[in-house]
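Q: I would like to learn how to read the features of a model such as this one. Please take them one at a time, with the general idea before the case.

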Amino acid sequence: MKNIKGLIITKIIASGRIEHIQIKDFQGVKTTVLQMINKSEKKGFEIIKIKLTDESVSFKEGDMVNIPISISTMNNSIFYVQNGKIEIVKA
C-alpha cells in the first residue's frame, strides 16, 4: 500500500494455482480467462475467473501464480481483470 499526498493506493493480487485456461472467441476477438479455485468454509468451492489483458508470460495449467487484478461488479456478479504482469511462483 502506498500513500501519496493523502491518496492510498492498494494493489490486489490473486494468488493460486491455475486450474484451467479457457480461450473465448467473441466476434473475432479472442480472450484468455484463467480459472482458479477458492475454498472457504462458508461458500465451499468457488471458481474465480480472471480475464487476461497481457499474455507476455508463458504459463500452463498447474502453475502457481500471482496476478495483479482489478475488481468490478455488475448485477451481483464479481469480475476480475488482470492489471499487471503475471508472476510465476512455481511451475
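Q: Which residue forms a salt bridge with arginine 17, and how far apart are the closest N and O atoms?
A: A salt bridge is a side-chain nitrogen of Lys or Arg within 4 Å of a carboxyl oxygen of Asp or Glu. Here arginine 17 pairs with glutamate 19, with 3.6 Å between the closest N and O atoms. The model is a predicted one, in which local features need pLDDT of at least 70 and side-chain atom pairs count only at pLDDT 80 or more, while totals for chains, interfaces and linings use all residues. Residues are numbered from 1 along each chain as its sequence is written, and side-chain values use heavy atoms, with hydrogens and water left out.

Q: Does arginine 17 count as buried, partly exposed or exposed, and what is its relative accessibility?
A: Buried means under 20% relative accessible area, exposed means over 50%, and partly exposed is in between (1.4 Å probe, protein chains only). Arginine 17 has 44% relative accessibility and counts as partly exposed.

Q: How many salt bridges does the count come to?
A: The count is 2. Besides the arginine 17 pair, aspartate 63 and lysine 60 meet through their side chains, at 3.1 Å from N to O. Aspartate 63 is buried, with a relative accessible area of 2%, whereas lysine 60 is partly exposed at 45%.

Q: How many helices and strands make up the secondary structure of the protein chain?
A: Helices (H or I, at least four residues) and strands (E, at least two) are DSSP runs, numbered from the N terminus. This chain has 0 helices and 9 strands. The chain has 91 residues, of which 25% count as buried. Its C-alpha atoms fill a box of roughly 40 × 35 × 35 Å along the principal axes.

Q: What is the volume of the largest pocket?
A: Rolling a probe the size of a water molecule over the atoms shows where empty space is left. A pocket is an open set of points, on a 1 Å grid over the protein atoms alone, where a 1.4 Å probe fits and protein lies on both sides within 12 Å along at least five of seven lines; lining residues have an atom within 4 Å of a point. Points are joined across faces, edges and corners, and the volume is the space filled by probe spheres set on them. The largest pocket comes to about 300 Å³.

Q: Which residues of its lining lie nearest the centre of the largest pocket?
A: Of the 14 lining residues, Val33, Lys49, Lys51, Phe79 and Tyr80 lie nearest the centre. Two or more residues each come from strand E4 (20-26), strand E5 (29-40), strand E6 (44-51) and E8. E6 gives the largest share, 6 residues. For classes, Ala, Val, Leu, Ile, Met, Phe, Trp, Tyr, Cys and Pro count as nonpolar, Asp, Glu, Lys and Arg as charged, and the others, Gly among them, as polar. The lining of the largest pocket then has 9 nonpolar, 1 polar and 4 charged residues.

Q: How does the lining of the second largest pocket divide into nonpolar, polar and charged residues?
A: It has 8 nonpolar, 3 polar and 2 charged residues. The second largest pocket has a volume of about 230 Å³. Its lining counts 13 residues, with Ser15, Gly16, Met36, Ile37 and Asn38 nearest the centre. At least two residues each come from strand E3 (12-17), E5, E6 and strand E7 (64-74). The largest share, 4 residues, is supplied by E3.

Q: Where is threonine 32 placed?
A: Threonine 32 is in strand E5. With 5% relative accessibility, threonine 32 counts as buried. A C-alpha separation can be set beside the separation along the chain. For threonine 32 and lysine 49, 17 residues apart along the chain, the C-alpha atoms are 9.9 Å apart.

Q: What is the phi of asparagine 75?
A: The value is positive, about 50°, although asparagine 75 is not a glycine. Asparagine 75 is in the loop between E7 and E8 and is exposed, with a relative accessible area of 70%. Asparagine 76, in the loop between E7 and E8, has a positive phi of about 65°. At 85% relative accessibility, asparagine 76 is exposed.
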